[in-house]
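Visitor: Could you walk me through how to read a protein model, one feature at a time?
Guide: Gladly; let us look at it together.

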Amino acid sequence: NIFESPDGKRYKWVKIADAVDLLTGYVLTPASIDGTEYTADITSGSSKATRGVGIALGAVDVSETPYCFMQIAGVATVFTDGGVSAGEAVVADSGSGADGRADTMGDGEEEQVFGFALADDSGSPTTAPVYLLGNF
């Protein structure tokens with residue numbers, strides 16, 4: 001089920017597929033072919049596709065409960081790799097040790113874009129406001 005708030009943001013209740021704990025703002029990718037399970041572990045987990053489809057809402061200790069809401073449309077604060085600038089298209093970072101983070105789209109990654117950065121990333125850990133396309 002998809003839930004929509006009055007401000008245009010959309011959310012989905014999902015199951016987390018593997019043992020990677022989540023933080024609010026982690027990028028999630030599909031971990032099942034039926035669209036019921038998701039993961040932030042793109043490099044060595046159960047990810048079935050490299051396209052980000054949502055942002056974790058709330059810290060999740062998967063050993064306690066493997067479920068959470070993910071935001072799929074609207075503006076969300078997203079973990080980044082420290083190199084995202086305002087206006088850039090973002091994709092799920094597939095670099096080693098970059099689980100749950102967004103990265104600037106590179107050549108040949110156009111089909112993986114899940115949103116656009118609305119400001120330069122900042123802070124520690126680095127985050128940026130991203131407009132999520134919501135078209136998965």
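Visitor: What should I know before reading any values?
Guide: This is a predicted model, where local features need pLDDT of at least 70, side-chain atom pairs count only at pLDDT 80 or more, and totals for chains, interfaces and linings use all residues. Residues are numbered from 1 along each chain as its sequence is written, and side-chain values use heavy atoms, leaving out hydrogens and water.

Visitor: What pLDDT does the protein average?
Guide: pLDDT is the predictor's confidence in each residue, from 0 to 100. Where pLDDT is low, the predicted coordinates should not be read in detail. Here the average is 89, and 97% of the residues score at least 70. Strands are DSSP runs (E, at least two residues), numbered from the N terminus.

Visitor: How many residues does the largest nonpolar core have?
Guide: A nonpolar core is a set of buried Ala, Val, Leu, Ile, Met, Phe, Trp, Tyr and Cys residues joined through side-chain atoms within 4.5 Å. Buried means under 20% relative accessible area, exposed over 50%, and partly exposed in between (1.4 Å probe, protein chains only). The largest core here has 15 residues, and Ile 16, Leu 22, Leu 28 and Met 70 have the most contacts inside it. Strands β2 (10-16) and β6 (67-79) are the elements that give it two or more residues, with β6 providing the largest share, 4 residues. Apart from this core lies another, of 13 residues, including Val 27 and Phe 114.

Visitor: Which residues does Leu 28 touch?
Guide: Contact means heavy atoms within 4.5 Å. Not counting residues up to four places away in sequence, Leu 28 touches, among others, Ile 16, Leu 22, Tyr 38, Val 53 and Met 70.

Visitor: Is Thr 29 buried or exposed?
Guide: Thr 29 counts as buried because its relative accessibility is 1%. Its place is in strand β3 (residues 27-30). Beyond its neighbours within four places in sequence, the contacts of Thr 29 include Glu 37, Ser 47, Arg 51 and Ala 92.

Visitor: Where does Gly 58 lie?
Guide: Gly 58 lies in the loop between β5 (54-57) and β6. Gly 58 is partly exposed, since its relative accessible area is 23%. Gly 58 and Thr 24 are 34 residues apart along the chain, yet their C-alpha atoms are separated by 4.4 Å. Leaving out residues up to four places away in sequence, Gly 58 touches Leu 22, Leu 23 and Thr 24.

Visitor: Which residues form the nonpolar patch on the surface?
Guide: Patches are made of residues with over 30% relative accessible area and no salt bridge, like charges being joined within 9 Å and nonpolar side chains (Val, Leu, Ile, Met, Phe, Trp, Tyr) within 5 Å. A salt bridge is a side-chain nitrogen of Lys or Arg within 4 Å of a carboxyl oxygen of Asp or Glu. Here Phe 3, Trp 13, Leu 57, Tyr 67 and Phe 69 form the patch, with about 460 Å² of accessible area together. Such areas come from the Shrake-Rupley method with a 1.4 Å probe; for residues, only the protein chains shown count as cover. Phe 3, found in strand β1 (residues 2-4), is partly exposed at 39%.

Visitor: Which residues does the cis peptide bond join?
Guide: The cis bond joins Ser 124 and Pro 125, with omega about 0°. Pro 125 sits in the loop between β9 (115-117) and β10 (127-132).
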